[in-house]
Amino acid sequence: MKGQWRFREKTMSIANTSTVTRFLQDEKPAPAVVKKRSMGYLLIWPAFLYVMFFMIAYPFGYNIYQSFFEYSLLTNTSRFVGFGNYVGLLTNPDYLNSVWIGLIVGFFALALETFLGLSIALMLNQKFRGRVVARMLLILPLGTIPVINGYIFNIIFFPDASVVDHIFNALGFVEGPIAWLQDPIKARIVIIAMDVWQWTSFMVIMILAGLSAIPESFYELAQLDNMSKWKTFWRITLPKIRFPLTLAMLIRAMDLLKFFDGVYAITQGGPQSATETVSFYIYRIGFKAFNIGYASAGSLIVWAIIWVISFIVITYVMTARERTA
Amino acid sequence: MEMVQRESVGYKIFRAVFLLFMISIFLLPIWWMVKTSIIQRVDTVIYPPQYYPKTLDLDGYVRVWKDHGLPYHYFNTVQINILAAILALLLGIPAAYAASRYDFWGKEGGFMFTILSTRFLPPATALVPIYFLYRWLGVVNSTWGLVIAYAGFNLPIVVWVMRSFIDEIPRAMEESYMLDGHSRMAAFFKVILPLSMPGIAAMFMICNFLTWGEFLLAAVLTSTIPNQTLPIGAAQLVGDIGILWQQIAAYGVLGAIPITLIIIFFQRYLVRGFSFGILK
């Protein structure tokens, strides 16, 4: 409770003194600082080289090289095939299917996470007894290990022994067992449910951070204006939390493209590749079928998509940074 | 800040019901994990399900400790995460300092952009190259392989978030220290580092949070118990003779404890980590 208050007071004081800090920042006589530019390069290079080598140049170069070969780890033979892997992939129903499934799962998971996250955060931002406890309980899923959650969801949706079946039957929604993991649509629902369960908390704390930065005087003015609650939300709250909300949604959208652990633990891509996301497909082709060229070409196509979206995200982050700095 | 509006009784009831409903959904899998870890195996997947343990059986915990290498997995996970966090901080803090205090060509659009872009790379797409690179470097199935990889995952976050911490230290502080005749290097160690210590500590915790449960790379890059991490240890309990639910749940409970403590005590820094230092 005490920590809570301290946090609030601090954000309050930051909000109220922002003009003062801006004034102080404008005062800075900085020429001495920016003089030795070479020093700046020197300091940023280690980190830059590290990500450049381990995460960009090497994986990218390797993927490009291998994507033109038919290289099998099983026979250890390599044959130049030109654009054969790309043509093969783009006409391969399994690959296109995995992209499509990623989009469906991602869309529904993101929509649900946003809706629930926003609702929960708005409520937790109001004053009521027990909200500190409620907030603590509602972020607990972030503390668990994703792949183990997958196995726990496996128990929860276990064929003929599912607790969800039991609850649904007791409430009278359905009659008898539900074949969660044998049916393509229902298996996708389970995958989405797991992601929503684990990551709604992320949305909640991002949006709460945005909400706590709105000065109370805004709401007081709205009240003086006799603005309805609905109008207050659209005119004041939503514009003020637009940045954290958009950022959280973009990050989740990108992370959903990586979705792997849950698929691995719950369905292994089944039934009949109904839940096979792109990450899982590349893993299967590379490390189960040992078809390296195919996996490389598949990775590069995903990268092309990722780089377009991440360009948007990072540009957004950078403009927001400049505005808040 | 808070809404100081009058709330109708109907809304209060709706809010209480909605939040209680969400809390019970959020807690169900966690409760199921705790419960599964302390009941007998025959009671785990039965219909109708047991909502609370009717038998108490701590055999799962004993078995993971004695037979399945939990001590190794735990120690490895802690060791790898700590080393990866330290490596990322060692590389990241100078970069963050440069980004905060210097102005040079290509800083935003080149360096900072590229560094952050790796945050969005799906590990699966770099899996094959990384595997072959690590085999060439001789770090497959070793502690260092995962340390190198996880430090790479942490680095973009460290650079961006530490920059926001250093931005908050007024330049006047190091300048006045330098006016006393000290070098910039001395100012970095005597002024910037001590003042950003809380930020560094928080950053260290965020790094541990980010890579603690990583599964895909650890699954591909490690193959023997002395080098594996907790998530891999748990996934290995899915065998031909059936799934050892109790033991998996025991891994889940024990593995979740440190990370849960981090999210509870470092919650407001977590937001900063998630938003690359922009939301405070």
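Entry 1. I looked up where H16(A) and H4(B) touch: A:Ser310, A:Ile314 and A:Met318 meet B:Glu108, B:Phe113, B:Leu116 and B:Ser117. I took contact as C-beta atoms, placed from the backbone, within 7 Å. The residues here divide into 4 nonpolar, 2 polar and 1 charged. Nonpolar covers Ala, Val, Leu, Ile, Met, Phe, Trp, Tyr, Cys and Pro; charged covers Asp, Glu, Lys and Arg; the others, Gly among them, are polar.

Entry 2. I noted the ground rules. This is a predicted model, where local features need pLDDT of at least 70 and side-chain atom pairs count only at pLDDT 80 or more, while totals for chains, interfaces and linings use all residues. Residues are numbered from 1 along each chain as its sequence is written, and chains are lettered from A and ligands numbered from 1 in the order written.

Entry 3. I checked the geometry of helix H16 (residues 292-324) of chain A against helix H4 (residues 107-117) of chain B: the angle is about 120°, with the axes 11 Å apart. Helices are DSSP runs (H or I, at least four residues), numbered from the N terminus. Axes are lines fitted to C-alpha atoms over the stretch in contact, and angles run from 0 to 180 degrees between N-to-C directions.

Entry 4. I then looked at the whole contact, which takes 92 residues from chain B and 97 residues from chain A. On the chain B side, helix H1 (residues 9-38) gives the largest share, 12 residues. That side divides into 68 nonpolar, 15 polar and 9 charged.

Entry 5. I looked up the domains of chain B: domain 1 (9-57) and domain 2 (69-240 + 264-274), with bounds from an automatic or database assignment. Their C-alpha centres lie 35 Å apart.

Definitions and conventions: Contact = placed C-beta atoms within 7 Å. Helix = DSSP H or I, 4+ residues; strand = E, 2+ residues; numbered from the N terminus.
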